Structure formats: structure tokens, C-alpha cells
Amino acid sequence: MPIPRRALAAAAVALVLPLSACGSGGDAGGSTDASGKVEGDITFQTWNLRANFKSYFDGVIADFEKKYPGTHVKWIDQPAEGYADKLSADAGGGTLPDVVNVSPDLVAPLAKAGLALDLDKAAGKYKPEYLDGAWASHQVLGMSGTYAFPWYLNTGPLFYNKALFTKAGLNPDQPPKTYDELFADALQMAKKSGGKVATLANVPTIEDFGRYGVSLMNKQGTAFAFNDAKGVELLTKYKELYDAKALDPQALTATPESSGKKFLTGAVAMNPGSALDLDNFKKNAPSLYKNIGITDQITSTGHVNMYVMGVMVNSRTKHTPAAVAFAHFVTDAQNQMSFAKKVAIFPSTAGSLNDPYFTKEDGTDETRVRIAAAKSLKGAVNYTPVLFSDQMKTALRNEVAKALQGKESPKQALDNAVNAADRLLQQG
């Protein structure tokens, strides 16, 4: 995945992989035994990383080839646009690289087609090196196994405008910590401002339902379940916010960029973000920067949401030991830590988040955000189901919009969204 201005924000926007190799099985090709000699030529594909990180990856590859004489790694970097389509074409044509940069939603159809090596079987000895939630992020409900090494992670705090909180009669030093507090503060903000200031700028997404404690899928991974009583409760609360203008009226069509602009201009009081946003506030909205508040993501489960990238091994590689060794090498603690210091992302390796870089304050807001995010990531989970495709997200968003506009009840909207998602799941 590309690392844009908002590091890994695009990882939240899953891409669909209409896998033409569906049903091809995993019988042909390589071995699942990674215990042999590490040797041979392998290909490594990343996702829009060459432009900014060429020297880093050249160094990682050189170090690997030095550690394992007789290996050669050919690095391929694909553009962000059309990456899912490229994977689909390679999967269907039998040209999938040996080691591939994936996100959880992209690995799922590859795993179902038998093209992603099960690392629990081939490389289970490495599992203790990674955070539990990160290792689990590339597991597919309904299948046993883990289908990619976890790579870099991201999460972020909630930013809020202290000046707007003060104007609304709210304590600027006590931001909401629970959903009940959030909804109450949002309604007060809207009332005090005469509907001119909304607290939130985005409609609830699948990860919001997850953070609220909604059961997103059944245990077998065969059907979605976010239309339960808890899901209906959350959407009903958002409907109340929308009616009171506590949720921005343009939330139905909002993008992360448009929501960010609303926050910059003071039309919205709270917005999720990352350490990279602070520099933007400082440059483009100094009055906001002066009044910026930083608080944790709100969750009912005790676990914040993480975005995660992974490194998958092609099950049909002719050099399984080398491919597994390289995928592990790219994602080991030393290389992840080095990468994390070049861009605002976080390592998925156990213990790395205890490094002074993620724990020691230096008085800057940037470090404060980094430390807070690192702390929350230790127990974070990827709420978005790996089987929840882009089409499913669109179906959910459309039904949420109908509920907020009063065209359907929250229950009917979520029933429709679940039915649509289940149909798409069966088609896949």
C-alpha cells in the first residue's frame, strides 16, 4: 500500500480483488516446506514504495543477499492505482511474484484460491515475534491459517478543537472518552452553535461498528451480522446526531480530505488523524494548532482499530525457503524499526513499541501523538473483516445514508446492507 501524506490512511479503503483464479486450488507449484536451504532467485513486489524508499529497500535486499549467498531478489514496485487489478491478473495468469505486499482484504481471495502460503504451517515458529493482533489480521474467517506476515501498522488519535469545546460550554480538557459522552457532547455542541458546528464529519463505517462492540460476522465467516441490536443502536444514535446537525450535513458524501478541511476551518469539532496532520495544522491553520486537543480513539471494546499491511508468500513459488526467509526478513524487528523511523508508521513486531522512540517524551506534539498511538497499538485489532470488500462498503454506506435521511429505519437499512454483503460474499 502506498504511504501518502496521511500514512496508511488509504489502507482503510479496501480494494476489491475480483480473482479470476478463484477455485484454482493450491495443488500445483511450490512446496509448503520452508525448512530447506535458502537459495534461488525470487521476486518481491511492493505497493507504490519505490519513489520514496528506494534506498531503504535496496539496503534490505543487499543485506538479505549477503546473509544468504546464492539468493537473488528482484524488486518490483507497482503503482497505487490498479494494484488490485494487477494482483488479479497475475493470479489468473500464473505470474504472481514470490513475495507480495498485500493488505488483509487483498490476501483473502488469494488465500481462498490457494495462492497464499499458510504461514501457520510453513513459518509458525515466527509467530511469537509479532503482536497477536497483527499476526491475526491476515487470517480469513472460515479458513484455518495465517496468510501473510504482518508488516507496518498505523492508527491514530482523535483531534479536537478546544476553542469550540469551550464555546459550547464543554470542558476543553475533558474530551469524551465513551460513546455516551461523545453523543451527549455532540448534541450540546450543535445546540449551543445553532447547528453551525458539528462534532463529527463522517458516517459510521464497518470499523466503527466494530469499535462499538457489534458482532460483524458469524464465527464461521459465512455471513455478516452487523444488523444485530447493537448495530441498530449505533445507527440510531447517528440518526439523532444527523437530525440535530451534530453530524455534519455533508457527511453522507464526505471523504477523509473533505472532513479534514471541515476540521481545519472550524466547522467540525473532532476528527481522526495521525502525527502527520499536526504539521498541516501548524502550517495551514495556526489558530487551530494553538487550540488542538489530542485524545484516544473511542471504543467500547477496549481495543482501538489498526490499519495493517502484510507480506504474503506465493504458495506456488519454486523457492519456498528463500521466499519465506525474505518475507520474514523484511518484516523482522530490526528492519521494521528502521522503516518506522523513516515514515510515520509503526512496527508489528512484539517489543518494538517499547523502544524509547515510541515511549520517551521530548515535549513535541508529534512525539506525543506517536507515543499515544504506539501504546494503543499494543492491543489494537483490525476491525474490518478481511472478507468485507469495497462493494460491500459501498452497500453499507448507501444504506446508512438512507437511514440518516429517514428513508429507511436503521434496522431496515442494516438488514439490507447485510443482505447485500452476504450476496456478494457468496458470489466470491
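Tutor: Arginine 211 and aspartate 208 are both buried. The model is predicted. In it, the two side chains form a salt bridge, with the closest N and O atoms 2.6 Å apart. Both residues belong to helix H8. They sit three residues apart, about one turn of the helix.

Helix H8 spans residues 206-212. It is one of the elements against which the buried residues of H9 pack. The others are helix H7 (179-192), helix H17 (390-404) and helix H18 (410-427).

Now H9 itself. This helix covers residues 229-243, 15 residues in total. At 1.5 Å a residue, H9 should span 21 Å. Its end C-alpha atoms are 21 Å apart, so expectation and model agree. Which residues of H9 are buried? They are Gly231, Val232, Leu234, Leu235, Tyr238, Leu241 and Tyr242. After H9 comes lysine 245, with a positive phi near 65 degrees.

The loop that runs from H9 to helix H10 (256-265) holds aspartate 248. A salt bridge joins the side chains of aspartate 248 and lysine 262, at 3.3 Å from N to O. Lysine 262 lies in helix H10, so this pair ties together parts that are 14 residues apart in sequence. Are the two partners buried or exposed? Aspartate 248 has 6% relative accessibility, so it counts as buried. Lysine 262 has 22%, so it counts as partly exposed. The cut-off for buried is under 20%.

Lysine 411 is partly exposed, with a relative accessible area of 39%.

Back to the starting pair. Salt bridges that share partners join Asp208 and Arg211 with Glu207 into one network. Over the whole structure, the search finds 13 salt bridges.

One more element, for context: the sheet. It is open, has five strands and runs in the order E2-E1-E3-E8-E4, with mixed pairing. Strand E2 (71-78) and strand E4 (149-154) are the edges, each pairing on one side only. Neighbouring strands are turned by 20 degrees against each other on average, direction ignored. Strand E1 (residues 40-47) pairs with strand E3 (residues 99-102) in the parallel sense, over two bridges. Phenylalanine 44 has valine 99 as its bridge partner in E3.

Definitions and conventions. Residues are numbered from 1 along each chain as its sequence is written. This is a predicted model: local features need pLDDT of at least 70, side-chain atom pairs count only at pLDDT 80 or more; totals for chains, interfaces and linings use all residues. Side-chain values use heavy atoms; hydrogens and water are left out. Two strands pair if DSSP finds at least two bridges between them. Helices (H or I, at least four residues) and strands (E, at least two) are DSSP runs, numbered from the N terminus. Axes are lines fitted to C-alpha atoms, for helices over the stretch in contact, and angles run from 0 to 180 degrees between N-to-C directions. The expected span of a helix is 1.5 Å times one less than its number of residues. Buried means under 20% relative accessible area, exposed over 50%, partly exposed in between (1.4 Å probe, protein chains only). Contact means heavy atoms within 4.5 Å. A salt bridge is a side-chain nitrogen of Lys or Arg within 4 Å of a carboxyl oxygen of Asp or Glu.
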